[in-house]
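Here is a note for a colleague opening this entry for the first time. Keep the sequence and the 3D view side by side and go through the points in order.

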Amino acid sequence: MSPRQITVLGECVADAFTEPEAARNELALRVLPGGGPANTAVALARLGTPARFLARLSGDVFGRLFRAHLEASGVDLSYAVEAAEPSTLAVAELDAQGQATFSFHAQATADWQWTSTELAGVDLTGTACVHTGSLALVREPGAAVVEDFLAAAAPRATVSIDPNVRPLLVHPDVYRARLAHWCGLADVLRLSEDDLELLLPGTPPEQACDTWHAAGARLVVITRGADGALASLDGERVQVPAVPTSVADTVGAGDSFTAGLLHHLGARGLLGGRLTELRPDDVEEACRFGARVAALTCSVAGPNPPWQSQLAHLATADRA
């Protein structure tokens with residue numbers, strides 16, 4: 001079965017990585033297209049799911065880089081807005097384990113300026129799932145517009161949300177205040193264990209899942225890095241191990257996991273409604289696939305998710 005289209009809404013960010021070989025009195029940066037929703041759209045398209053990205057893309061040098069990157073990966077930009085504002089920049093420093101610490105340059109940038117008019121004409125007839133999250137849901141003035149769009153989409157498509165908490169830009173209290181509302185809109189809530197600690201400090205993952213189920217989310221998936229993932233479908237738990245890999249960095253790993261999860265579910269015709277046909281075995285298979293996609297993303301520098309052919313090659317190698 002060919003997967004139906006998934007529409008992703010959110011930001012595209014210039015991820016600038018510091019280059020260690022720079023001279024002592026200068027800072028050299030390697031700029032790659034990033035941003036959680038953009039990474040997810042790219043990963044979906046590369047895996048073979050028709051992916052449409054609703055974004056506000058600047059006409060500056062970074063915006064042109066974003067557009068070329070998204071189009072080269074097969075992402076549909078037919079509803080992308082040509083924005084007058086500058087692009088968002090995130091400067092990443094990597095530690096010895098490949099974990100990134102970001103500083104953001106995001107004041108009055110293109111990603112957060114959504115208007116109702118810009119999203120009013122989006123046709124969701126062929127869309128099985130709408131995915132969003134990260135800063136698009138909390139940065140004003142566009143956050144309320146994005147929430148309204150999700151509410152309008154919910155009766156006709158599965159809704160997936162990744163909070164992707166960024167405390168340097170938006171205080172976690174803002175996320176906490178909106179999370180119950182998001183769960184009321186979402187069928188799928190995917191977040192990291194770092195997000196969990198910021199949203200519900202000290203709360204066991206299983207208890208957090210039950211809290212978010214009670215608020216409305218049917219499927220909650222918490223990714224835990226090297227410890228794999230915990231998935232909960234209406235309270236039925238599934239534990240999935242991580243796939244061993246040589247880690248270059250972890251940037252974009254969670255976004256790739258989400259893409260793998262949604263691609264796997266969509267390819268089996270399980271997206272498009274309230275997940276009423278979804279079973280724990282389906283969730284386990286989808287999470288295992290997502291873990292493979294995330295592992296391949298971690299094995300290369302930057303948010304560079306794998307293509308479907310790379311997954312097929314890996315599967316062949318595993319069977320050999």
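1. The aromatic pair. There is one aromatic pair in the structure. It is formed by Y175 and W182, whose ring centres are 6.3 Å apart and whose planes meet at 85°, so the pair is edge-to-face. The rule for rings of Phe, Tyr and Trp (its six-membered ring) is centres within 6.5 Å; planes under 30 degrees apart are stacked, over 60 edge-to-face, and the rest tilted. Y175 is buried at 0% relative accessibility. W182 is buried too, with a relative accessible area of 0%. Buried stands for under 20% relative accessible area, exposed for over 50%, and partly exposed for what lies in between (1.4 Å probe, protein chains only).

2. Basis of the note. The model is predicted: local features need pLDDT of at least 70, side-chain atom pairs count only at pLDDT 80 or more, and totals for chains, interfaces and linings use all residues. Numbering starts from 1 along each chain as its sequence is written, and side-chain values use heavy atoms, with hydrogens and water left out.

3. The nonpolar cores. The largest nonpolar core has 46 residues, and F53, L70 and L219 touch the most other members. Helix α1 (residues 36-47) gives the most to this core, with six residues. Another core lies apart from it, with 41 residues, including L135, F149, V165 and L189. Such a core is a set of buried Ala, Val, Leu, Ile, Met, Phe, Trp, Tyr and Cys residues joined through side-chain atoms within 4.5 Å. Helices (H or I, at least four residues) and strands (E, at least two) are DSSP runs, numbered from the N terminus.

4. L70 in detail. Which residues does L70 touch, not counting residues up to four places away in sequence? They are C12, A38, V42, F53, L57, V75 and L77. Contact here means heavy atoms within 4.5 Å.

5. S58. This residue sits in strand β5 (residues 56-58). S58 is buried, at 8% relative accessible area. A polar atom of the S58 side chain lies 2.8 Å from the backbone oxygen of E85. A polar atom of that side chain also lies 3.1 Å from the backbone nitrogen of D60. Beyond neighbours within four places in sequence, S58 contacts G63, R64, A83, E85, P86, S87 and A110.

6. Strand β7. Is strand β7 (residues 88-94) largely enclosed or open? Five of its seven residues are buried, so β7 is largely enclosed by the rest of the structure. Strand β2 (residues 13-18) pairs with β7 in the parallel sense over five bridges. In that pairing, V13 stands opposite T88. Strand β8 (residues 100-105) runs antiparallel to β7, joined by six bridges. Here A92 stands opposite F102. Two strands pair if DSSP finds at least two bridges between them.

7. Strand β13. Five of the five residues of β13 (residues 229-233) are buried, so this strand is largely enclosed by the rest of the structure. A229, A231 and L233 point one way, L230 and S232 the other, and all are buried.

8. The partners of β13. Strand β12 (residues 219-223) is antiparallel to β13, with five bridges. V221 has A231 as its bridge partner. The β12 and β13 hairpin leaves five residues between the strands, and G225 in the turn has a positive phi of about 60°. Strand β14 (residues 236-240) also pairs with β13 in the antiparallel sense, over five bridges. The hairpin of β13 and β14 has two residues between the strands, and D234 takes a positive phi near 50°.

9. Helix α9. This helix (residues 280-298) has 19 residues and spans 27 Å from first to last C-alpha, close to the 27 Å expected at 1.5 Å a residue. The expected span is 1.5 Å times one less than the number of residues. Buried residues in α9 include V283, F289, V293 and C298.

10. Backbone points to check. E140 and P141 are joined by a cis peptide bond, with omega about 10°. P141 is in the loop between β9 (127-133) and α4 (143-153). S134 lies in the loop between β9 and α4. S134 is not a glycine, yet has a positive phi of about 60°. S134 is buried, at 3% relative accessible area. A108, in the loop between β8 and α3 (116-120), has a positive phi near 55°. A108 is partly exposed, at 47%.

Methods:
Polar contact = N/O pair within 3.5 Å; in protein donor to acceptor, adjacent residues only side chain to side chain.
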